[in-house]
Amino acid sequence: MTENTESQDNLPGRRRRRFEGISSRAYEHPADRSALVALRKLTGFDTVFKALSGLLPERSLRLLFLSDSVRVSDDQFAHLYAMLRDACYILDLEKVPPMYVNQDPNPNAMCIGLDEPIIVVTTGLVELLDEEEMRAVIGHEVGHALSGHAVYRTILLFLTNLALRVAWIPLGNIAIMAIVTALREWFRKSEFSADRAGLLVGQDLKASMRGLMKLAGGNHLHEMNVDAFLKQAEEYEAGGDLRDSVLKILNVLPRTHPFAAVRAAELKKWSETRDYQRIMDGHYPRRDEDQDTSVTDSFRQSASHYADDVRTSKDPLMKLVSDIAGGAGDLGGKLRDSFRGSGGRDGQSDAPGKDS
C-alpha cells in the first residue's frame with residue numbers, strides 16, 4: 001500500500017469536495033452498525049472469528065491476485081488507479097489499498113483482507129460502467145475499507161466455501177451456516193453504507209443510479225429509465241400481501257447484496273436527507289472523535305431508524321407490525337385478513353351471522 005499524498009490539483013476530472021478526517025460513522029447506515037453488533041453477539045462467532053483470523057491464508061490470497069490478476073497502477077489500468085487515488089483522497093484514507101482487475105465476465109467488485117484491505121474489480125464491471133459510474137463503485141469499495149468491513153467480508157467468503165465442503169456433515173454445516181446467514185445479513189446492510197460512500201466520492205447521484213441500473217439490466221441505458229427503475233423498488237416494497245412479504249425474506253436470505261432497485265431507492269432517499277446535505281457542507285463526524293462515541297447512542301440511532309422504517313414502510317408485514325405495536329385490532333384477525341389479501345375468505349367479505 002502507498003501513502004495517499006495526492007494533491008487535489010492533480011485529481012482527475014471535475015473538482016469534488018474532500019472530506020478531511022471523515023469518520024465512517026458519517027455515512028454508515030444504522031442497520032449496518034446494528035447488524036454488526038448482533039453478529040458479534042451470535043453464539044460461537046467470537047471463537048470462529050479468532051480462529052479464522054489466525055488460519056486464513058491471507059498471504060496466499062495476496063499472492064493469488066498478484067500472480068493471476070492485473071494490479072492497477074500508473075502503468076496498468078492507469079485510469080482506474082487515478083480514480084482509486086481520487087477516492088482515497090476524498091475520503092481521506094491514509095493508505096491507498098492495492099487494487100486488482102480480475103478476468104471474470106460477471107460484473108462484481110469486492111474489498112477483502114484481514115491485515116490490510118485489497119480491492120478487486122472484474123473485467124465484466126470495467127467493461128460495463130462508464131467513468132463516473134466506475135468512480136462511484138471504487139468509492140463504494142474504499143468506503144468498505146474505511147469502515148473496516150474487509151475483515152468480515154473475507155471471513156464470509158471463506159465460510160461460504162467451507163460450508164460447501166462440509167455439507168455432508170449435518171451438525172457441522174448447521175453451525176457454519178448459522179454464522180454465514182448472520183454474516184450475509186450484515187453484508188447486505190453494509191452495502192447500503194458503501195453505496196453512500198460511493199456517492200460521497202463521485203458526488204454524482206445520476207451516475208450512482210446508472211451504475212445500479214446497469215447491474216440489474218446490463219449496458220442498455222437507452223432502454224432504461226431511472227424514474228421507472230425507482231418505481232420498481234416502490235412497487236416491490238408495497239406490493240402483495242403477507243405471503244409476498246415472506247417470499248421477499250426467503251428470496252433475499254441467500255444473497256450477499258440487496259436487490260439493485262432497492263439499493264437505488266435507498267441511496268436516493270439518503271441523498272435527499274439533511275444528514276447528506278450537512279456532510280456536503282462540511283459538517284460530519286470525524287475520526288478523532290470516534291473514541292468518544294457512545295455505543296448506547298449508536299443503539300439508539302439504530303432503534304430509531306428501524307422504528308421509522310416500520311412506521312413509514314408500505315410492506316404488508318411491516319404495516320402489520322406497526323398496527324400491532326400501535327394496539328390496532330387483534331393479531332389473529334389481521335393475520336387472517338392479510339394472508340387472504342383484502343377482505344374475507346377467498347377475497348369476499350364475511351357476511352354477519354355466517355361461519356368464518
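Analyst: The axes of helix 9 (residues 205–217) and helix 12 come within 9 Å and cross at roughly 170°, where axes are lines fitted to C-alpha atoms, for helices over the stretch in contact, and angles run from 0 to 180 degrees between N-to-C directions. Because angles over 145 degrees count as roughly antiparallel, helix 9 is roughly antiparallel to helix 12. The contact (heavy atoms within 4.5 Å) is made by Leu205, Ser208, Met209, Leu212, Leu215 and Ala216 of helix 9, and by Ala260, Arg263, Ala264, Leu267, Lys268 and Ser271 of helix 12. These residues divide into 8 nonpolar, 2 polar and 2 charged; Ala, Val, Leu, Ile, Met, Phe, Trp, Tyr, Cys and Pro count as nonpolar, Asp, Glu, Lys and Arg as charged, and the others, Gly among them, as polar.

This is a predicted model, in which local features need pLDDT of at least 70 and side-chain atom pairs count only at pLDDT 80 or more, while totals for chains, interfaces and linings use all residues. Residues are numbered from 1 along each chain as its sequence is written, and side-chain values use heavy atoms, with hydrogens and water left out.

Turning to helix 12 itself, its 12 residues (260–271) should span 16 Å at 1.5 Å a residue, and its end C-alpha atoms are 16 Å apart, which agrees; the expected span is 1.5 Å times one less than the number of residues. In helix 12, Ala260, Ala261, Arg263, Ala264, Glu266, Leu267, Trp270 and Ser271 are buried, a term that means under 20% relative accessible area, with exposed meaning over 50% and partly exposed in between (1.4 Å probe, protein chains only).

Phi of glutamine 203 is near 50°, a positive value in a residue other than glycine, and at 19% relative accessibility glutamine 203 counts as buried.

Of the 356 residues of the protein, 44% count as buried, and among contacts with a separation of 6 or more, 74% are accounted for by residues 24 or more positions apart.

Definitions and conventions
Helices (H or I, at least four residues) and strands (E, at least two) are DSSP runs, numbered from the N terminus. Angles under 35 degrees count as roughly parallel, over 145 as roughly antiparallel, 65 to 115 as roughly perpendicular and the rest as oblique.
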